[in-house]
Every structure is written in structure tokens, then in C-alpha cells.
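Open the model in your viewer and keep the selection tool at hand. The stops below go from the whole chain to single residues.

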Amino acid sequence: MGGVNRRISTLIVALVPILAFGILMTLVTVPYVALGPGPTFDTLGEVDGKQVVDIEGADLHPTSGHLNMTTVSQRDGLTLGQALVFWASGRDQLIPRDLVYPPDRTKEEIDEANSTDFRQSEDSAEYAALHYLEYPMAVTVENVDSEGPSNDKLQAGDAIDAVNNQPVATLEQFQEILAGTKPGDRIVVDYRRKNAPAGIAEITLGKHPDRDQGLLGVGVLDAPWAPFTIDFNLANIGGPSAGLMFSLAVVDKLTTGDVNGSKFVAGTGTITGDGEVGSIGGITHKIVAAREAGATVFLVPADNCDEAKSADEDGIELLRVETLEEAIGSLRTLSAGGEPPSC
């Protein structure tokens, strides 16, 4: 009987560290984030019943093929067990959490900054596409202060043509006129509005917090202007890296023929209002995601080319792009059987 008890005791002693390790694996979190291939979205298609790129008020042309934007999946709050599984898979990358979420900023602050970057990339994508399509420049309202004097009088997207009967063609001219005003002045603004008639707004200027001149309460910039609206319907996609693919979809919908040559094209890249394509993070994960989704061509920002070549690129052609114009030209060259610049 004593021998049996000793064997049971030995077994229990042996199981204790195994059970303890199992508890550590499932309960203890590690300071790492797993990055891997994320979902892709066809900017020519729909998400949740809405066009990803929705253009209202313009004649649109049929499209075919794909122009997929790509993302990186991000998993936080990993347990030790989950981290080991991701590490062993070889598909995901473990990086120190502080590199993704710096300790001097909260996760909420970083997520909000990423959301802001995404919204700004949508504006830049619209401007880049309209610039490529040679729509004329205008002094364009970017935002309206909800508590300012222009609220309910001007709207984001309005083109300002004149102030107090003085034509304004540039932001500099607009600022010069406002510099000669003071709080309480009543001004008259002639504007054009998308999908609506042009109008005139009478606005009483408020007090400017930093200057003696009157406050209009709008943010404006020089930008190409079109009489139709462009909306991007992708929620919860942070960061600015969808810009290039959004611009390509706008151009494809507003022009005859297929920008992508009916191919399954994916890609990534930030974009400026004048069409410059910038580098992004996670390029290797995005290429894997695109290949698994069925893409045969991937648009790579020029500064990401060296890293992109280290990805599992079997069956997918990597095109090197620096501008929106170059991206469109390269896709057309490829469709014609030529050899565009590649990584």
C-alpha cells in the first residue's frame, strides 16, 4: 500500500510543474504584439452593401478586375501560449509592444491618431485622383467649426469663388482679404457646392484667438475641385496606407477602360494631394495577404521595394511606384504586354 502511495505522490509532484506551466501559458500575458497578414478589400467593390468608393453626381464607367487595398492584422494582449503559437507558425511576427504602443501614449490615443490618419488619407486620395484627372484648382473648404460663424452657412467641400465681390483663385488671395477684416464685420462669400446649386453666404465674423482679424471659422486649402461627391465607406481601418488604392479606384470609375487591365491588382501606399506615393509598414504581410486573396500584381511604394523582395511573392508580380501617374502607367504597360518598373 505504501508503494502505491509513493507512486501517486511521485506522479503528483511530476504533474505540478506541468499544471503550473499550463496556467502560465493561458493566464500570463506577454509584452508583445503579433503582426500578420490582414484582410484585403476591393476598392472597386462593396462592403456591407455600400460601395467602398462611392461617387455621386458624376457619370461613372464600368470596371472589372480588382484593386484591393491590403492591411496588417494586429493582435494585442497575448498570453504566453498564444505568443508561442504565433511564433511557431512562421506566419506572424512578434514585436515588442512598446514599438506599437509607446508607453507615453495610451492605446486609445494611438487608435484615434490612426483613425485621423485614415480620414486624412481619404481626402488626399480624392485630391490626388482629381489632380490626375486635371480638375481645376479652387479655394476649398476642408472643415467647418461646428461652433463658428460659418456653421450652417458653408460646408466641407465648398469651393470659395469670391469674398465681398473680390474673386479668390488661391489660398493666398483668400487670406489677404480676411487679413483686412475685424471681428463683427459682415462678409459675403460666393461659393460652389457639390451636387447642389452655387450660393451666396452672408457671415458675421467672430473673434480670432490669435490675430486681430475676424474669424470665419473654416479650414481651407488649394485643391482640385469637382462638382460631385466622393465618399469612402471603410470603417475601422486605421492609418494612411490605403491612399494609393483609393485614388486608383476613383480614377478607374471616372474614366473609360480598366486601370487594372481587368487583372486582380492589390497594393498599398500613402498618397499626397498631388499624387506622391509614400512608404508604409508591414509590406511583407500585405503581400502575403494579397497573394492568398488571389492577386497577381502588387503595387509597392518605391521605398518599400527592398523589404518587399523578402516576402513570399511566389505567383505575384511586384511593381515599383512613386506616384499615382506612374502606378496607372505601369498597369497600362503591363496590360499591353510591356515591362513596367518592378522591385
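## Whole chain

Colour by secondary structure: the protein has nine helices and 20 strands, where helices (H or I, at least four residues) and strands (E, at least two) are DSSP runs numbered from the N terminus. The radius of gyration, taken over C-alpha atoms, is 27 Å, well over the 20 Å that the globule rule gives for 343 residues, so the protein is more spread out than a compact globule. That rule is 2.2 Å times the number of residues to the power 0.38.

This is a predicted model: local features need pLDDT of at least 70, side-chain atom pairs count only at pLDDT 80 or more, and totals for chains, interfaces and linings use all residues. Residues are numbered from 1 along each chain as its sequence is written, and side-chain values use heavy atoms, without hydrogens and water.

## The cores

A nonpolar core is a set of buried (under 20% relative accessible area, 1.4 Å probe, protein chains only) Ala, Val, Leu, Ile, Met, Phe, Trp, Tyr and Cys residues joined through side-chain atoms within 4.5 Å.

Select V53, L244, F246, L248 and L299: of the 40 residues in the largest core, these touch the most other members. Next, select helix 6 (243-254), which supplies the largest share of this core, eight residues.

Last, select V163, I187, I203 and V218, which are included in a second, separate core of 19 residues.

How values were computed: Buried < 20%, exposed > 50% of the residue type's maximum accessible area, 1.4 Å probe, protein only.
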